[in-house]
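Hi there,

Here is the structure I promised to pass on.

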Amino acid sequence: MTNGVTKSAVFAMAVVVSMAQAVAASSPNRDAGLINDANLISRELAKVVSDPGESGNGLLPVGATVESHSWDRGVLRLNIALPAGAANWQTSDIDVLHITHEFTDAFMEREDFRGVDVRVRDSHARAFQPIGTFVEQKAVTSNEVPTISPAETQATAISIAQFAAAPASVRSGPTANSPTQPSGALSGVVIYCAAGHGWTADTNQWILQRSAELEGMNEDYGNIDQLNYFVHYAFNAGATVVPFRPVGYQNIEIVIDNADAEVAYTGTWSANNSNAKYYGQNSSQRYHFASANPSETAVARYSANITTTGFYPVYCFTIAGTNRVPQTYRVKHSGGIGEVVIDHRETGNGWIWLGEYHLIAGEDAYVEISNASSVAGVVVADAMRWGNGIGDTIATSLNTVSGYPRNEECARYWAASELGDKANGFSAASIWDSAGSDQSDNVSTASRWAREMNQVPAGGVLQDRWKRAYLEFHTNAFNGAARGTVALENVTSPTTNQNAFATFISDEVEDDMILATTTDNPYEHVWADRAGSVLAGSYGAIGTTGNSNEFDATLLEVAFHDSPIDAQLLRDARVRAAAARASVQGLIRFLNSLPSSPVPLVFPPDRPQAMQVSDLGDGSVLLDWELPVIGEIKGGTPDDYVVYSSTNGFGFAIETVIAGGGGTPATTATIGGIPREKTIYYRVAARNEGGESLTSSTVAVRRPPTGQADILVVNGFDRLRRQQNPVTLFTQPPNVAGLAPERPLWRQINSFDYVHEFGEAIAAADRGFDSCENEAVEQALVTLDDYEIVMWNSGAESIEDSTLSSDEQTALTDYLDAAGGLFISGSDLGFDLIDQGNGAVFADTRLAITFVSDDAGTFNVNTSPGGIFSALGSFDFDPAAGARYEVYEPDVFGTSLGGEAALSYSGGGVAGVQRNSPTYRTVTFGFPFETISSASDRSDVMAEVIAFLDGATASVLFDADSDGDVDLTDYQVMNACLAGPTIVFPEGNFCLNSDGDGNRTIDLQDFHLFQQHFTGSMP
């Protein structure tokens, strides 16, 4: 299916798929397999009866029997009769899951298998009931519906009058400004999303709900990592995003309530003192409200004291109600002010994600709530949050807290903390404390909280189904051999369109990943093609018992984490990102298929490629890029491009928009008024009706004090592989201490913005520079000869992605031979070029390095006596001291002809090599320059690099001693090398300075040319 498929065609395809599955499932001769089925069922029943559940007894009572079983379109229907002694038997959500999984495992590998429907009858009942009806539920306490106070009614009336006098233009869904929320296919849609499992209290300790470390990963952590990728893609497609485990990896927590001193109100605001629901403990000022107005007349500003620079998720907490409006939030960050609009007629009563922003310690950081809106009513100021914090909710079964970051805990504690401990009016029994244990509570906490936050439209839950959806992320486990993607359907209480939703999501992820791994082949393995895309069972997380069918819901099992092959894929950041993008595309397909849906079948585009920026010398700079990849996997065609700029490299604001005007937009932008001696960072995103891409790599430019920039910084670090993953080391509790699963955390692996470290250091030397991605060099879009110095960042690039391609080596060779200066750094340069044979000649003849070892075993570096850094002290690239990322295997070098050791590792071995040839100069590091921990050390190192490379000069033909003329000394070299036409000298040999005709031999022809260039006197 492509982006151009019509709504009716998509719906028809879904029907055909469902019919085909039904035919395939009913076609086998079931009678022939009844005996085998009965044997398998009997075996699994014995396990279920003996395996202890939450009560400590068996998952089913002893004496339970399978009275009958049958197949219905691939779903196994089991009717289980309980013994007379279990008349009042009850179970829990988590035990129901275990029972379902036990019977599912027996038939998982059958091609036509689509799930298990377990029904139970006790001795009092005549009919079999879905097993979910036996789940014990706590009595639900009063859950008061938000009421509109007389003061709010009056404020609403004032707003209506203001809008009648000055009608506002209609504004639907979230809007974009600065690098926050774009509009897109999912504008006006609320996506409730969750990550399964997480740290949970058991009867005697905190546990992870899945195997703590299996095939190098842990599902509890993998789920939250997947959610973090997903929210960015959904946000960029225009959705209002509501996650039920905190997203972002910021453990600092700042929460400001409406009555706190950090809130400043301008214009007319009133305090609500009667609503049953509100955040905080100040009952006299439960929240503030103001009349919505077509133009801004009132603002509430929440100011946060940021003490640690970093990236922070930002959330709003606003009580929903029928008189609410699309409400504008302005987020001040280090790059400017972003804007997000949340329609609180659709959602509220919990934390809504406003995006992730870079904040600098000591600088202004605030969120403003404006009363300007497109609809009459009231705006509400309740609470704002920056960061997530550390879990501080005491578990039900243990009088302790987990001590882990909130995002690593299960959703049950996020709800208990934020709705129970810190808010008022919310029912524990109906949201986070509905069952007997915390683990069982967690099964449906996110779904129940989504129901609490979702506002049912006029006409009931079946109206406007396209405006809301619930998606939960997990990974699967079976026998270590099963692979692939599947989405879940609740067999007894599905939401209205649950099967279609599950089918769209599962098929989109599977189809995209298969297409990627069989065509582009960017990953380690081909994605598995499962026979069925939907699995039915008693899954409380997505059943109507929890969500009241207020929205459609499914749970995506991305792949099987107990499969060694799938686990390697799941530990790949690129796979996680691709699965998130495909999930958003599946959501767009599904919502587009619903009745009366305005959601367009258009996918956001992919990011622009081959970025470059250059100083034009006249006060302006030129940005240039190549089209993003377009197609089924990557996304749609761009309608325009957004150029973002920054003065710090991390916080960005819109610089300009390159519009297509109905045609193909240009892929260049000229920006004027650029001052000298100021570093400016740029990145570009592509946009269309589907939304906005993630941004390009960051490039930067700095105009020098005089003249034009003559240094080029090249970002050659594209690698995103599981071998780069950071690990999370468990130190407690004892049952997991010492385990260290990998985490595919994109920003900690490769943030594609390391021009920042180069730019800072070059600026400290008061020099100007341009920058580009290495693809721009590889595709000959940049002319290296325009620069006196090239600085090439190879980072942690390695053999899979090539530290230097053959085209790049050729370009650098030509550049150096024309009197260039090259600084190149990376942790696998020697390993790839020399040990793996992907550039040994270039490494030997141009960089003058040999390969000694793939791992120095240390982060500490010393300067070498006589080298260009000899005046400096030792330094490190230790992540514990502030390095941007961990270098796992820094190369240990030796030197070849012409090379000199410039740096050494504290444990021994050469860390850096300098070469001063007659024509060019090079400096090569066996670790990435950007990982030097201290900014001052980076600046000191860079100053020496620039001073050395500035000495590279164009050679004079036959000037062997590089003194600028051809004299007696050069004649002696010519005479010594004069070996005749039979001897061909290897590239890089010193005698080639006397090769006048370029045939790599030194013969009589060269001697005659030498005589013509001779400027001295012959002996």
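**Helix packing and a pocket**

Helix α5 passes α12 in a right-handed crossing. Please keep in mind that this is a predicted model. The two helices, α5 (residues 219-236) and α12, pack with their axes 8 Å apart and at an angle of about 55°. Angles from 65 to 115 degrees would count as roughly perpendicular and those under 35 as roughly parallel, so α5 and α12 are oblique to each other.

α12 turns up again in the part that may interest you, the second largest pocket. About 1,100 Å³ of space lies in this pocket. Its lining is made up of 36 residues, and the ones closest to the pocket centre are R574, Q609, K634, D718 and E775.

Which element gives the largest share of that lining? It is α12, with 4 residues. At least two residues each come from α9 (498-520), α12 (573-593), β27 (609-615) and α15 (774-778).

One last item is helix α6, which spans residues 411-421. Is α6 mostly covered or mostly open? Mostly covered: 9 of its 11 residues are buried. The buried residues in α6 are A411, R412, Y413, W414, A415, A416, S417, E418 and L419. Charged side chains are part of that buried set, namely R412 and E418.

Best wishes

Key. Residues are numbered from 1 along each chain as its sequence is written. This is a predicted model: local features need pLDDT of at least 70, side-chain atom pairs count only at pLDDT 80 or more; totals for chains, interfaces and linings use all residues. Side-chain values use heavy atoms; hydrogens and water are left out. On a 1 Å grid over the protein atoms alone, a cavity is a set of points where a 1.4 Å probe fits but cannot get out, and a pocket is an open set with protein on both sides within 12 Å along at least five of seven lines; lining residues have an atom within 4 Å of a point. Grid points are joined across faces, edges and corners, and a volume is the space filled by probe spheres set on the points. Buried means under 20% relative accessible area, exposed over 50%, partly exposed in between (1.4 Å probe, protein chains only). Axes are lines fitted to C-alpha atoms, for helices over the stretch in contact, and angles run from 0 to 180 degrees between N-to-C directions. Angles under 35 degrees count as roughly parallel, over 145 as roughly antiparallel, 65 to 115 as roughly perpendicular and the rest as oblique. A crossing is left-handed if the near helix is turned anticlockwise from the far one by less than a right angle, and right-handed if clockwise.
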